[in-house]
Amino acid sequence: MVAFKTAALRKRIADALGKDGHDPPYQVVKFPAITVDLFGEYVCSKQLDIGGLVKARTYRWYQKGLGYLFRWYGRKMTPELSKDLRDLMMGSKRMARKAQQTGYGPITEGKREITVEVF
């Protein structure tokens with residue numbers, strides 16, 4: 001049942017986004033709702049879903065993915081949001097490096113599915 005719902009949700013999202021390189025037919029991202037706190041919660045949830053942390057360099061890709069969404073829709077991040085995200089990512093990377101050095105939990109890297117709460 002979960003696999004069916006996941007497949008149906010992926011199809012719905014793919015239909016809403018359209019083909020690569022084209023304007024999406026619908027705006028599926030709520031840009032005014034994106035805050036540093038919300039993105040920080042998202043990053044922290046990725047840390048906790050497997051009981052460990054991702055490698056420090058993975059956090060850069062989370063930030064780049066968010067930047068890509070803004071560019072995809074022709075939006076510009078405010079300088080304040082950009083600075084706060086940079087600070088958040090630097091802190092997250094520092095914590096991940098420290099955890100890796102002290103042997104805290106499993107440190108993993110790789111692809112993670114995006115959560116539905118962002119849409």
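The model is predicted, so local features need pLDDT of at least 70 and side-chain atom pairs pLDDT 80 or more, while totals for chains, interfaces and linings use all residues. Residues are numbered from 1 along each chain as its sequence is written, and side-chain values use heavy atoms, with hydrogens and water left out.

Helices here are DSSP runs of H or I with at least four residues, and strands are runs of E with at least two, numbered from the N terminus. Helix α4 covers residues 79-102 and reaches 35 Å from its first C-alpha to its last. After α4 comes Gly103, with a positive phi near 80 degrees.

Val43, Phe39, Tyr59 and Tyr62 touch the most other members of the largest nonpolar core, which has 22 residues. Such a core is a set of buried Ala, Val, Leu, Ile, Met, Phe, Trp, Tyr and Cys residues joined through side-chain atoms within 4.5 Å. Helix α3 gives the largest share of this core, seven residues.

Now for the rings: Phe39, Tyr42, Tyr59 and Tyr62 are linked into a cluster by ring pairs, meaning Phe, Tyr or Trp (six-membered ring) centres within 6.5 Å, with planes under 30 degrees apart stacked, over 60 edge-to-face and the rest tilted.

Note on methods:
Expected span 1.5 Å × (residues − 1). Buried < 20%, exposed > 50% of the residue type's maximum accessible area, 1.4 Å probe, protein only.
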